[in-house]
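Please look over the sequence and the model shown here. A short report on selected local features comes after them.

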Amino acid sequence: RADLILYNGLHLEAQMLDMLNRYSKRKPVIAVADTLKGQNLLPWDGRTHDPHVWMDPGLWSKALRAGVDALAKLDPANAALYRANAATYFSKLAALDDAARAAIATIPARSRALVSAHDAFGYFGRAYGIDVLAIQGVSTESEAGIRKIELLVDSLVRRGISAVFIETTVSERNVRALIEGAAARGHKVRVGGALFSDAMGTGGSYTGTYLGMFDHNVTTMVRALGGSVPEN
C-alpha cells in the first residue's frame, strides 16, 4: 500500500530484490545507494560494491538526496517542506562528520585501528583515516579462517592495540578467539564495546536514530582506543 519505496541498494537486500523489482512496475522504488555509482564506491567480491555507505555521513547524505527528490516529485505540494527539512538534516550530518573527524584524530596513531567481527566499516575507515581490520568479509555469512585470525592477532600484538569490538548483529565468537589468541602471546586485549554495523538501536532510543547510532559508534571506539570525546 506504500506510495513510495526507498531501500539501500548495492545488493544489501539481496533476497528481496525480486520482490522490489515487481513493485517497481507499479510505483516508485528507489535504491538510494545505487545513485552513488561512480562516486568512488569500495569494491566487494569483484561483482558489486560494498553496500555499507551509511558509515560515511558525507557519502550517505548524497544517497539520501535521491529520497528527497523522489518525495518532492511524488508530492509537489509539499516539496518545499521536504527540501527545507532535508537541508536541516544534512547540516546535522555535516556537524556529525566534523565531530567524528576531530574525535578520531585524538586516538594515538599506532592504535588507530578498528578491529571487529565483519567488514562493515570500510567507508568509515576511508573517511576518517582509521585502519579497519575485520575477521569476516562484508557478508556476515562468511566464515573466518584460522589463518585470518592468526594474522589479526599478529597485528594486535605488533601495534599494541588493546581493544577490539563486537557488533550488535554478529556473533562474538571470532572476536573472543582474537582476545584468546593475543592472551596466549602475552598481550592483553579487551572488548572495547558493542558497535552498530547492520542495524540501529531500539526504536525510540538515542541509538535508534542514525545520528545517535553513529555518535555511539564513534564515542565507543575513540574512548576504547585511547582518544578523547566530550562528555556530552
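## Basis

This is a predicted model, in which local features need pLDDT of at least 70 and side-chain atom pairs count only at pLDDT 80 or more, while totals for chains, interfaces and linings use all residues. Residues are numbered from 1 along each chain as its sequence is written, and side-chain values use heavy atoms, with hydrogens and water left out.

## Helix 5

Helix 5 spans residues 146-159; helices (H or I, at least four residues) and strands (E, at least two) are DSSP runs, numbered from the N terminus. From first to last C-alpha, its 14 residues reach 20 Å, close to the 20 Å expected at 1.5 Å a residue (1.5 Å times one less than the number of residues).

Ile149, Leu152, Val153, Ser155, Leu156 and Arg159 are the buried residues of helix 5 (buried: under 20% relative accessible area; exposed: over 50%; partly exposed in between; 1.4 Å probe, protein chains only). They sit on the same side of helix 5, because their arc around the axis is only 160 degrees, taken from the directions from the helix axis to the C-beta atoms. The face turned away from this buried side carries the exposed residues Ile146, Arg147 and Arg158. Gly160 follows helix 5 and has a positive phi, near 70 degrees.

Ala79 lies in helix 3 (residues 79-104) and counts as buried because its relative accessibility is 16%. Its C-alpha is 8.5 Å from that of Asp69, ten residues apart along the chain.

Thr207 belongs to the loop between strand 8 (190-195) and helix 7 (210-224). With a relative accessible area of 16%, Thr207 is buried. Leaving out residues up to four places away in sequence, Thr207 touches Phe196, Met200, Gly201, Thr202, Gly212, Met213 and His216 (contact: heavy atoms within 4.5 Å).
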